[in-house]
Amino acid sequence: MTSTANDRNAGFELRRIVRINEEIKSVVATAFKINLMAMNAIFLAKRAGQAALGFGVLSNELRRFATDLQGQMSALRQLTYGSTAIVNALVKQARFSRILDRAREQTTGKGRDILDEVVRGHHDVDLEEKRSRLKVVNRRLQQMLADTTQLVELGSVLARSAKIEAAYSGGFSASLTQVSSDFENTISLIQRSLEALNKNHREDQG
Amino acid sequence: MKSARTIFENGQHKWIALVRDPEKPDFLIDTNEYLIIDGEEALLCDPGGIEIFPAVFSALCTQFDPRRIRHVFASHQDPDIASSLGLWLEFNPELKCYLSWLWTSFVPHFGGNKETFIPIPDGGMDIMVGGLKLTAVPAHYLHSSGNFHLYDPKAKILFSGDVGAALLPQGGDGLFVEDFNQHIRFAEAFHRRWMGSDMAKRDWCARVSQLDIEMLCPQHGAIYRGDDVRRFIDWFANLEVGVVR
Ligand SMILES: [Fe+2]
Ligand SMILES: [Fe+2]
């Protein structure tokens, strides 16, 4: 790959990382909201007593879901940090290669031999190694996105079940139904974020 | 490409100035690099910015094997001084860089590692190149807070970093100052603004007045020779510095 192609690639990777980080931010905010909502729901279920036992259990699960999601997001952020570091090294190397190429064009004799050697070293070993490390990180990123999608799927099942339980909660039915609808809507926001993320990632990889 | 001009030669002892690149884009400041050779060894003064590396390297190669450069002297931390460091290290990983202790943890952002830098204490130090003894002369706050010039007592040359610098207009590309009064007009605004401390300036003028200097070589612009060295020091001593105008 030429150094200009390398630059373009690096720019592309950085933009992708920015997009992923933006989505992570929004998912983290939403997960925080779910956590608060679940805490609220747990109190509500306690007040409803016997009639809302099932709803209480599901609210606890939803809270755990929110915590897991937050954990998943911080792992994802760690990964994007890792790929930023690699991309940064690639950008630096691309710049070095570009300048060394220019120096090569202007230099004759022994100086040129010295630069040839340096340029060869660059292209062959380091660059390939960094690119393959980036590939590994990208694959792990994809895997983690798939895992997160599954986790959110579980969250949405929990929200639907909570809605059903709410219907059987006697006098509290109306308020619990409202709470579980809120859960459902909020989780579907996360699903949309993840879909966008997955789509971006697949297209970029493809 | 820059041109390599020998400004001093006595047997194995040489000073080569790498100057004036007609192809340099004008958004980059023009710089002078100086190679001090003694026999098989050399030291490069202010190796320059990363973007002008090709011009400096190619000109230098016409005179000297760049792998035999043992040392780099960085007068201070600016990007036009040291941002090419990483590239010089590419083919010369053992290269050592003399630099004010103040900047030894900043300049590695341009390249190099723990082993690369030799910190110069505030009072200065001697630096050996082959059998030649050079002296790092304190020039703090002119303009950088950790700043040194390099004196070669045998050649009677003082490399003076940004002191003496002139931003010459298009076409003003002579290697030496020919008409001091004409020349100094292009140095005035630069010194007023960049040099921040009047006390440091007076201190420097007193210090270098003790040295026997035949050439004062700045990092930008033309070289002062003979009586113009004295003229410059006197002019600088009387200039009001640290002024935004
Ligand atoms: Fe400077
Ligand atoms: Fe400078």
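Modeller: Let's start at B:Asn32, which sits in the loop between β2 (13–19) and β3 (33–38) of chain B. Strands here are DSSP E runs of at least two residues, helices are H or I runs of at least four, and both are numbered from the N terminus. This is a predicted model, where local features need pLDDT of at least 70 and side-chain atom pairs count only at pLDDT 80 or more, while totals for chains, interfaces and linings use all residues. Residues are numbered from 1 along each chain as its sequence is written, chains are lettered from A in the order in which they are written, and side-chain values use heavy atoms, with hydrogens and water left out.

Colleague: Does B:Asn32 count as buried or exposed?

Modeller: Buried means under 20% relative accessible area, exposed over 50%, and partly exposed in between (1.4 Å probe, protein chains only). B:Asn32 has 1% relative accessibility, so it counts as buried.

Colleague: Which side chain does the side chain of B:Asn32 join in a polar contact?

Modeller: A polar contact is a pair of N or O atoms within 3.5 Å; within protein, one must be able to donate a hydrogen and the other to accept it, and residues adjacent in sequence count only if both atoms are side-chain atoms. Here the partner is the side chain of B:Arg20, at 3.0 Å. The B:Asn32 side chain also reaches the backbone oxygen of B:Pro218 at 3.0 Å.

Colleague: And between the chains, how many salt bridges are there?

Modeller: You look for a side-chain nitrogen of Lys or Arg within 4 Å of a carboxyl oxygen of Asp or Glu. Chain A and chain B have two of these. One pairs A:Arg102 with B:Glu51, with 3.2 Å between the closest N and O atoms.

Colleague: What area do chain A and chain B bury between them?

Modeller: Buried area is the accessible area (1.4 Å probe) that two parts lose on being put together, summed over both. For this pair that's about 1400 Å², 69% of it on carbon and sulfur atoms. On chain A's side, A:Phe96, A:Gln106 and A:Ile114 supply 36% of what chain A buries against chain B, more than any other three residues.

Colleague: Which residues have the most contacts inside the largest nonpolar core?

Modeller: Such a core is a set of buried Ala, Val, Leu, Ile, Met, Phe, Trp, Tyr and Cys residues joined through side-chain atoms within 4.5 Å. The largest has 45 residues, and A:Phe55, A:Phe65, A:Leu69 and A:Phe183 have the most contacts inside it. α1(A) gives the most, 13 residues. Another core, of 39 residues, lies apart from it and includes B:Phe91 and B:Trp103.
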